[in-house]
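Please study the sequence and the structure before working through each solution.

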Number of protein chains: 2
Amino acid sequence: MNAEKIPDIIISRLPVYLRALQRMADNGLKTTSSQELGEHVGISAAQIRKDISQFGEFGKQGTGYSISYLLDKLREILKVDRIWDVAVVGAGDMGHALVHYQGFANRGFRIVMIFDNDKEKVGKKISQFTVEDTDKMVERLKSAGIKIAMLTVPATAAQGVADKLVQAGVKAILNYAPISLNVPSNVKVQYIDPSTHLQRMTYYL
Amino acid sequence: MNAEKIPDIIISRLPVYLRALQRMADNGLKTTSSQELGEHVGISAAQIRKDISQFGEFGKQGTGYSISYLLDKLREILKVDRIWDVAVVGAGDMGHALVHYQGFANRGFRIVMIFDNDKEKVGKKISQFTVEDTDKMVERLKSAGIKIAMLTVPATAAQGVADKLVQAGVKAILNYAPISLNVPSNVKVQYIDPSTHLQRMTYYL
């Protein structure tokens, strides 16, 4: 396995396989096939076999994949066999929603701090967190060694905050603002964009 | 063009092309190439050409694609050359965030109503909307002819609400609850799952 050579498009499909396999495990299943997994995720069995085989021989002809073994391997490959500390920037509706979100548990992430530049919000509690001032964000992220941030500020503020995150050593940004971010090539950005998801369905209406 | 024969995986990439092309247009660009578009979206130029050619000959050898023409065509294919009315179910943090979200404008969608089963929330205003009771949701959606809903209720309530949405004639559900929904095969579901997006980046850390 040579990590440098795996195409991004394959990496982007692995979390989808991971989620589907986790659901199968939650439902008590022990083994699965590329056909069955393919039906769950809407990707062809051949593509799934090809994607997974990039990382080794995890299945057996005729008997398929052990779900728990494949889960372990995918978590290891994606580096979510550990817990990553995550910062939230923006203590608005979306920041609140993320702090309260139940879907990070057992997926490899935990929110550890939340920032806002609104002096009215700084110092207020959201769940167990106290909203901190973005003026102190770079220093705080650096000293805590945070590598992952979720950005929920208004579109007009997003690039400025992203620049600060990069300065603080953040390497992965999940961006909820409806704007494209410019970051150095060693920083990853993923976009959460409900319109794109909706547009994937209107085709069929 | 035979709509029945286009694989889902191709359809799922079209909104990503649409978003990137819209950004190029916003930046004043008039034409682009599959190479340039590919660099923006992280998909190979060959794949992009193949995807787009499923629907006709939209580009010219040597001169590339007219951005405005390709935008029009993609909007037509994805049926977002019109405005779809969308209902939000769940008036919590995420419901508020969606009502205030600026990213639906010009993308083919507008929120027209919001529901919650919490009597404390029913009747309250969120932006220009009054939160309505989910008890009246099926009737309201039917009479308004709503085909698209965004689901932001807790995981434990999500399947029950999805059943009601299906009963009301909704054909496309954007699900924010961290749970898999069972719906008839003629109903589409898309999942917004921040953990999956985060896992697409940890691989590179």
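A salt bridge is a side-chain nitrogen of Lys or Arg within 4 Å of a carboxyl oxygen of Asp or Glu. The model is predicted, so local features need pLDDT of at least 70 and side-chain atom pairs count only at pLDDT 80 or more, while totals for chains, interfaces and linings use all residues. Residues are numbered from 1 along each chain as its sequence is written, chains are lettered from A and ligands numbered from 1 in the order in which they are written, and side-chain values use heavy atoms, with hydrogens and water left out.

**Exercise 1. Salt bridges within a helix**

Step 1. The closest N and O atoms of Arg75(A) and Asp72(A) are 3.8 Å apart, and the two residues form a salt bridge.

Step 2. Helices (H or I, at least four residues) and strands (E, at least two) are DSSP runs, numbered from the N terminus.

Step 3. Buried means under 20% relative accessible area, exposed over 50%, and partly exposed in between (1.4 Å probe, protein chains only).

Step 4. Lys73(A) is partly exposed at 22%, as is Glu76(A) at 44%.

**Exercise 2. A salt bridge between chains**

Describe the salt bridge of Arg19(B) and Asp193(A).

Step 1. The N to O distance in this salt bridge is 2.9 Å.

Step 2. The pair crosses between chains: Arg19(B) lies in helix H1 (residues 8–26) of chain B, and Asp193(A) in the loop between strand S11 (188–191) and helix H8 (194–202) of chain A.

Step 3. Arg19(B) and Asp193(A) are both buried.

Step 4. Arg19(A) and Asp193(B) also form a salt bridge, with the closest N and O atoms 2.9 Å apart. A network of salt bridges links Arg19(A), Arg107(A) and Asp193(B). Across the interface of chain B and chain A there are 4 salt bridges, and over all chains the count is 21.

**Exercise 3. The interface**

How many residues does each chain bring to the contact, and what area is buried?

Step 1. With contact meaning heavy atoms within 4.5 Å, chain B and chain A each bring 57 residues.

Step 2. Buried area is the accessible area (1.4 Å probe) that two parts lose on being put together, summed over both. Between chain B and chain A it is about 5,800 Å², with 64% given by carbon and sulfur atoms.

Step 3. Gln199(B), Tyr203(B) and Leu205(B) supply 14% of the area that chain B buries against chain A, more than any other three residues.

**Exercise 4. A sheet in chain B**

Give the order of the strands in the open sheet of chain B and identify its edges.

Step 1. Two strands pair if DSSP finds at least two bridges between them. The 6 strands run in the order S8-S5-S4-S9-S10-S11, with parallel pairing.

Step 2. Strand S8 (132–133) and S11 of chain B are the edge strands, each pairing on one side only.

Step 3. Strand S4 (residues 84–89) and strand S5 (residues 109–116) of chain B pair over 6 bridges. Asp85(B) stands opposite Arg110(B) in S5(B).
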